[in-house]
Structure formats: C-alpha cells, structure tokens
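Student: I have a chain open on my screen and want to go through it. Can you walk me through it?
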Amino acid sequence: MQLVEVKDKKSISDFHNLPFKIYAGDPNWIPHLKQEVETVFDRKTNPYFSHGDAIRWVLYNDKGKPIGRVAAFFNKKTAFTFEQPTGGIGFFECIDDKDAAFMLFDKCRDWLIEKGMKAMDGPINFGEKDRYWGLLSEGADKPAIYTMNHNPDYYKKFFEEYGFTKFYEQIVYYRTAKDPPSPRLNAVAERVMRNKEYRFERLRKSESAKYAEDFRIIYNKAWIAERTDHEEMTSERALEIMNKMKPIIDEDTCWYVYHNDTPVGVYISIPELNEVFKYVHGNLNWWGKLKVLWYMKTKPPRATMGIVFGIVPEYQGKGLEAGIFTELGRIIQPKKSYDHVLISWIGDFNDKMIHLLIALLQVTPYKKFITYRKIF
C-alpha cells in the first residue's frame with residue numbers, strides 16, 4: 001500500500017471518486033458536493049488557513065487502485081484550549097480493511113505530532129462545525145443529510161480499535177411538520193408572547209447585513225460562553241456566512257428573538273438540500289446547477305433542517321424557544337410548505353436543549369453522530 005499526498009488533478013479526482021466505490025449499492029448515501037469539499041482545502045478561500053494548516057492523502061493498493069483517503073488539520077485558535085494541544089482528522093473513507101484504516105490514522109497522527117499536537121479529534125472539519133462533523137453511529141437506514149456524514153458501520157470499529165474514545169455525541173432530531181403543537185408548547189409560548197419586552201421576528205433577506213450582525217452577537221454570547229473550543233465570530237465572518245446562505249434561505253423558517261431590541265435568540269433553518277442534490281451525484285457543475293434549479297421548482301425539499309438554534313444563557317428557560325417554534329408553525333403549517341422538521345447538531349452535553357426539545361416539541365432522535373478523541 002502507498003500513501004500519496006493530494007496535490008494534483010489525479011489525486012484530487014481519486015479523493016472524490018473513492019466514496020462512489022465505498023457506497024456502491026447504498027441507497028441512502030448521497031455524495032458531498034466536490035466543489036464544496038474543495039473549498040475546505042483552498043488556502044485562498046478558507047479563513048482557517050490564516051491560523052492553521054491542513055493536508056490530505058489518498059491510499060492506494062499494490063495495483064495502484066485507491067482504497068482509502070483522509071485529511072488532517074489543526075486550528076491554532078482552538079488547539080490549545082484543551083488540556084493537551086488537539087488537532088483533527090476528517091473526510092475519512094476506507095474499504096473494509098483494518099490495516100489500511102490504521103495506516104491512514106497513523107499518517108494523521110504522525111503529521112499532527114510534527115505540528116505540536118498531542119491528540120486528535122475525528123472525524124471533524126477544518127472549518128465550521130455545521131458540516132462534515134462526527135461519525136454516523138445511528139440512522140444509516142435514512143437518507144444522508146446535506147453536509148453531514150454518512151458511513152458504513154465498520155468505520156466505528158476502526159476508530160474504536162485504534163484507540164479513539166467518544167468525546168461527545170451530536171443528535172439530529174425529527175418532528176412531523178403536520179401535527180399541531182403540543183398544549184404545553186402553546187401555553188409556554190402564550191405566556192412569553194404576552195410580555196411586550198420580547199419580540200419575535202422573521203429574517204428578511206433585504207436586511208441580511210443586520211441579521212448577520214444580530215446572529216454574531218447571539219453566537220458569541222450563547223456558544224462561546226459554554227464551549228471553549230468555539231471561536232469568537234467576527235462581523236466579517238458572520239456576513240460572509242449570511243451571504244453564502246442567502247440563496248437558499250427560506251425567510252419563513254428563520255426566526256430571531258429580541259429583548260428590548262437586543263438580539264437574544266436565533267433559529268436558522270434551511271430546506272434539506274440533499275433532496276435535490278441527490279440528482280447531481282456530487283458534482284455541482286453547470287449541468288448540476290441546471291438540475292438543481294429544475295428540481296427546486298418541480299420537486300422542492302419537503303423537509304426543513306434547523307442548522308442553528310441558540311438562546312443567550314441568561315434568557316434560557318424563559319419560554320423563548322417555545323415562542324420561536326410556535327411562530328414557525330403558525331407560518332409554515334397553513335402553507336403546507338414542509339412535511340418534516342429536522343433539528344441538527346444538538347450536543348449530548350446540552351442537557352437543557354435536549355430536555356426542552358423533547359418536552360415541548362415532542363421530537364424523536366433521527367440520526368446520531370460521534371466525535372471521537374485519540375490522545376497520543
């Protein structure tokens with residue numbers, strides 16, 4: 001077997017084509033868009049390269065056929081927030097061969113040690129946590145979700161036998177969009193909505209800069225306060241994210257909460273794009289874009305995916321979450337615009353949010369992902 005660093009057209013092509021071999025015959029696998037994956041490794045466009053580094057490899061068998069791939073990276077801003085400096089690995093794919101898998105893991109470990117790391121998390125992303133993060137542990141019998149991982153069961157064995165242990169778990173929850181809200185949800189929402197100090201507001205694309213800044217304020221208070229491995233968000237980064245999302249945002253499913261005009265809560269949901277991207281087979285070239293436009297008009301997604309949900313800590317437990325989902329249902333249910341609501345990336349460390357979602361929204365687990373850590 002031979003490991004080759006990805007840095008030319010052939011190795012890039014092999015990096016993206018390998019999963020089609022791994023998942024041949026899996027009806028629930030939907031490939032990541034190769035154009036979006038490439039942005040992760042583009043030094044000109046990925047801001048994480050300004051304070052970190054990344055590398056990737058393809059593993060070939062003795063006949064020169066690709067049988068595995070992986071990437072390794074570290075982020076100086078978060079690597080040293082842990083007891084031991086911690087890097088990461090991601091985009092792992094491999095045939096069912098333990099020796100091949102361990103060869104990929106060893107390469108990542110050795111590279112990260114050279115960079116001063118003493119541990120590695122995986123599979124994670126060299127970028128935002130809303131994509132390519134965690135190993136699918138439950139839910140492989142359901143269609144893959146846009147930008148979220150889908151993998152064979154044997155990957156879990158590879159990680160754990162190599163010595164990775166569970167760091168935390170991320171859960172995607174499900175609820176039908178057709179059922180009426182629970183009486184308890186209505187009661188909590190009515191109470192908070194009678195308080196004139198609070199205002200619930202839909203995002204308006206025409207004022208995207210304002211909502212990007214409001215999101216930044218909420219993010220830095222709600223996420224940074226509780227997770228030291230999150231980076232504080234700048235105004236420039238918030239606006240960049242908003243502008244990228246703008247073409248796919250549905251204003252009906254994106255809500256903000258204000259307390260006396262101060263932003264204190266946010267819920268951002270987008271259409272589940274894999275319902276459309278499954279037709280482009282991982283390639284968003286000009287033909288793929290035409291397909292997306294066609295299917296968005298003729299067969300638009302019937303699920304909406306909540307990708308961001310946060311309340312500033314001092315405002316948690318006041319019923320703001322109930323108000324958000326009551327307003328969401330009030331708009332989308334009469335329109336019958338969606339059949340399903342998915343809420344992603346709820347960490348198992350977030351007991352308050354999990355309890356709230358189950359008790360008020362009556363959600364059920366849909367998929368689970370494990371973020372592993374290996375200490376050298």
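Tutor: First a term: buried means under 20% relative accessible area, exposed means over 50%, and partly exposed is in between, with a 1.4 Å probe and protein chains only. By that cut-off, buried residues make up 57% of the 376 residues in the chain.

Student: What kind of model is this, and how are residues numbered?
Tutor: This is a predicted model, where local features need pLDDT of at least 70, side-chain atom pairs count only at pLDDT 80 or more, and totals for chains, interfaces and linings use all residues. Residues are numbered from 1 along each chain as its sequence is written, and side-chain values use heavy atoms, with hydrogens and water left out.

Student: How many helices and strands are there in the chain?
Tutor: The chain has twelve helices and 13 strands. These are DSSP runs numbered from the N terminus: H or I of at least four residues for helices, E of at least two for strands.

Student: What is the radius of gyration of the chain?
Tutor: The chain has 21 Å, which agrees with the value near 21 Å for a compact globule with 376 residues. The radius is taken over C-alpha atoms, and the globule rule is 2.2 Å times the number of residues to the power 0.38. Along its principal axes the C-alpha trace spans about 70 × 50 × 35 Å.

Student: Switching to helix 6. Which of its residues are buried?
Tutor: In helix 6 (residues 183-193), the buried ones are Leu185, Val188, Ala189 and Val192. Seen down the helix axis, these buried residues fall within an arc of 100°, so they line one face of helix 6. The arc is that of the directions from the helix axis to the C-beta atoms.

Student: Why would residues spaced like that point the same way?
Tutor: An α-helix has 3.6 residues a turn, so residues three or four places apart point the same way.

Student: And what covers the buried residues of helix 6?
Tutor: The cover includes strand 8 (198-202), helix 11 (320-335) and helix 12 (351-361).

Student: Now the backbone. Which peptide bond is cis?
Tutor: The bond from Gly122 to Pro123 is cis, with omega near -10°. Pro123 sits in the loop between strand 5 (119-122) and strand 6 (135-138). Most peptide bonds are trans, and most residues other than glycine have a negative phi.

Student: What about phi of Thr147?
Tutor: Phi of Thr147 is near 65°, a positive value in a residue other than glycine. Thr147 is in the loop between strand 6 and helix 5 (154-162), and is buried at a relative accessible area of 7%. Trp345 also has a positive phi, about 55°, although it is not a glycine. Trp345 lies in strand 12 (residues 340-347) and counts as buried at 17% relative accessibility.

Student: Next, Asp252. Is it buried or exposed?
Tutor: Asp252 is buried, with a relative accessible area of 11%. Its place is the loop between helix 8 (235-245) and strand 9 (255-259).

Student: Which residues does Asp252 touch?
Tutor: Not counting residues up to four places away in sequence, Asp252 touches Arg202, Leu328, Ile331, Ile332 and Lys335. Contact means heavy atoms within 4.5 Å. Asp252 and Lys335 are 83 residues apart in sequence and 10 Å apart in space, C-alpha to C-alpha.

Student: And His281, buried or exposed?
Tutor: His281 is exposed, with a relative accessible area of 52%. Leaving aside neighbours within four places in sequence, His281 is in contact with Phe20 and Pro31.
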